[in-house]
Amino acid sequence: MNILAIGAHPDDVDLLCGGTLALYAQAGHVVTIAVATDGRVGEQGDDIAATIIRRRAEAEASCAVIGARLIWMGYEDEWLMDDRETRTRFIDAFRESAADIVLAHSVGDYHPDHRTAGKLALDAQIPSAVPRVRTTHPSLPKIPALYTMDTVGQLENDLDVTVDISSVIDIKEQMLRSHASQEDWLEHIYGMAYVDFMRSQAARRGEMSGLQYAESFRQVPTYPPSRPDIPLLGDL
């Protein structure tokens with residue numbers, strides 16, 4: 001299968017679904033990580049161009065940990081907009097990755113870029129399989145299954161899918177540590193130890209299901225039901 005995870009910022013999917021992606025990669029599936037924005041606000045100082053270069057390189061390094069492909073959209077960090085051009089780019093990401101399963105932000109997330117990325121993914125799901133919706137890549141043969149990820153800080157409690165990531169928590173940590181600039185930035189702005197935060201969040205979700213570490217998701221329903229031919233995310 002082909003798995004696509006779309007994050008608003010370069011380190012989002014590593015934190016929210018990196019373990020699940022690692023499990024898919026280990027099982028021989030093709031994983032693609034799409035990053036919507038360029039991450040330009042995630043450092044101190046005035047050299048925005050250097051930050052963008054650094055954050056893209058970090059995203060590439062994280063992908064390399066699990067052999068994932070990177071789609072770098074390059075929209076301006078903090079200014080992700082829901083418009084025709086951006087929705088078209090999201091639809092094309094679905095198609096470029098030949099997605100069977102898509103993991104995306106929740107539209108109820110706390111961050112505006114996260115919410116916008118989530119809505120764009122939701123609105124791209126059906127058009128990605130409509131041939132007369134023209135983008136760079138041809139339409140998908142079937143509508144992909146869509147799941148929304150947990151939020152930073154676990155602000156939503158009605159998630160209905162749990163994935164046991166206990167066996168790959170160290171791989172998830174390696175992916176997250178690829179984003180060294182964010183370890184420094186989050187320590188500076190919030191006093192947050194990034195990896196410790198990730199492990200505590202995964203441990204809390206695991207404890208709720210009798211697991212050591214877990215990631216949680218919500219399955220997004222569609223009509224007709226999308227992709228009954230593929231295993232559910234929780235069956236990993």
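This is a predicted model: local features need pLDDT of at least 70, side-chain atom pairs count only at pLDDT 80 or more; totals for chains, interfaces and linings use all residues.
Figure 1. Gln154 belongs to the loop that joins β5 (145–149) and β6 (161–164). Not counting residues up to four places away in sequence, Gln154 touches Gln201, Arg204 and Arg205. One of these, Gln201, is 47 residues from Gln154 in sequence, and the two C-alpha atoms are 7.5 Å apart.

**Figure 2. Leu186 in helix α6.** Helix α6 covers residues 180–190 and includes Leu186. Is Leu186 buried or exposed? Leu186 is buried, and its relative accessible area is 11%. With residues up to four places away in sequence left out, Leu186 touches Gly191, Met192 and Tyr194. Asp158 lies 28 residues from Leu186 in sequence, and the C-alpha to C-alpha distance between Leu186 and Asp158 is 27 Å.

**Figure 3. Leu21 and the largest nonpolar core.** The largest nonpolar core of the model has 44 residues. Within this core, the residues with the most contacts are Leu21, Leu103 and Phe217. Helix α1 (residues 12–26) gives the most to the core, with nine residues. Apart from its neighbours within four places in sequence, Leu21 is in contact with Ile3, Ala5, Val13, Val31, Ile33, Ile66 and Leu103. In soluble globular proteins, nonpolar side chains tend to be buried together.

**Figure 4. Glu78 in the loop between β3 and α3.** Glu78 has its place in the loop between β3 (69–75) and α3 (84–96). The relative accessible area of Glu78 is 33%, so Glu78 is partly exposed.

**Figure 5. Ala98 in the loop between α3 and β4.** Ala98 is a residue other than glycine with a positive phi, near 50 degrees. The loop that holds Ala98 runs between α3 and β4 (101–104). Ala98 is partly exposed, with a relative accessible area of 33%.

**Figure 6. The whole protein chain, for orientation.** The protein chain has seven helices and seven strands. From the N terminus on, these elements follow the order β-α-β-α-β-α-β-α-β-β-α-α-α-β. The C-alpha trace spans about 45 × 45 × 30 Å along its principal axes. The radius of gyration of the protein chain is 17 Å, which agrees with the value near 18 Å that a compact globule of 236 residues would have. Buried residues make up 53% of the 236 residues. Of the contacts with a separation of 6 or more, 79% are between residues 24 or more positions apart.

Figure 7. The accessible surface comes to about 10,500 Å². Carbon and sulfur atoms account for 52% of that surface.

Definitions and conventions. Residues are numbered from 1 along each chain as its sequence is written. Side-chain values use heavy atoms; hydrogens and water are left out. Helices (H or I, at least four residues) and strands (E, at least two) are DSSP runs, numbered from the N terminus. The radius of gyration is taken over C-alpha atoms; the globule rule is 2.2 Å times the number of residues to the power 0.38. Buried means under 20% relative accessible area, exposed over 50%, partly exposed in between (1.4 Å probe, protein chains only). Contact means heavy atoms within 4.5 Å. Accessible areas come from the Shrake-Rupley method with a 1.4 Å probe; for residues, only the protein chains shown count as cover. A nonpolar core is a set of buried Ala, Val, Leu, Ile, Met, Phe, Trp, Tyr and Cys residues joined through side-chain atoms within 4.5 Å.
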